[in-house]
Amino acid sequence: MRLAGNIHDAWRNDGEQGAKDSRCRSPITITPNPQRLVVKIAGQIVADTRNALTLVEASYGPVQYIPRSDVDMSTLERSEHTTYCPYKGECAYYSAVEGRPNVAWTYEEPYESVTSIKNYLAFYADRVDLP
């Protein structure tokens, strides 16, 4: 695995199969990542999974989406910040309770072509502590 600096990158896992949004020119692939991923904030584990999904979109680096069930949601609070992606839908953000703003994002009602990321969160690698 490789930690990447791009804000769309987290950990790297290569894969070929996935979903493609037929409405867009940008292919999106989503593949399971069985490698263990751990996310910490201020030394506290906030996510620990072997059930991540790796999403790759166009020329962006791979992004790891972690199931909510593997995230300690008591360490996060919903932010007022939102964005829109024409390929995935409306995006909501979470800040760390300890004060770090917008450390994670989620698509709560993603478009049909990427429904597998529903109930998953992705973390900004440069806003959290990674082992």
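**Close-up 1. I66 stands opposite L121 in strand β9.** The model shown is predicted; local features need pLDDT of at least 70, side-chain atom pairs count only at pLDDT 80 or more, and totals for chains, interfaces and linings use all residues. Residues are numbered from 1 along each chain as its sequence is written, and side-chain values use heavy atoms, with hydrogens and water left out. Strands are DSSP runs (E, at least two residues), numbered from the N terminus. Strand β5 (residues 63-67) and β9 run antiparallel and are joined by three bridges. Two strands pair if DSSP finds at least two bridges between them.

**Close-up 2. W105 has A122 in β9 as its bridge partner.** Strand β8 (residues 104-106) is joined to β9 by two bridges, and these strands run antiparallel.

**Close-up 3. The side chains of strand β9 (residues 120-123) point two ways.** Y120 and A122 point one way, whereas L121 and F123 point the other way. In a regular strand the side chains alternate between the two faces of the sheet. Y120, L121, A122 and F123 are all buried. Buried means under 20% relative accessible area, exposed over 50%, and partly exposed in between (1.4 Å probe, protein chains only).

**Close-up 4. The side chain of T54 makes a polar contact with the side chain of Q64.** The contact is 3.0 Å. A polar contact is a pair of N or O atoms within 3.5 Å; within protein, one must be able to donate a hydrogen and the other to accept it, and residues adjacent in sequence count only if both atoms are side-chain atoms. T54 lies in strand β4 (residues 52-57). T54 counts as buried because its relative accessibility is 1%.

**Close-up 5. L37 is found in strand β2 (residues 37-41).** Is L37 buried or exposed? L37 has 1% relative accessibility, so it counts as buried. L37 and R50 are 13 residues apart along the chain, and their C-alpha atoms are separated by 6.4 Å.

Close-up 6. A disulfide is a covalent bond between the sulfur atoms of two cysteines. Here the term is applied to a pair of cysteine sulfur atoms within 2.5 Å. A search of the whole structure finds zero disulfides. For C85, the nearest cysteine sulfur is that of C91, 8.2 Å away. C85 counts as buried at 9% relative accessibility, and C91 counts as buried at 2%.

Terms used. Helix = DSSP H or I, 4+ residues; strand = E, 2+ residues; numbered from the N terminus.
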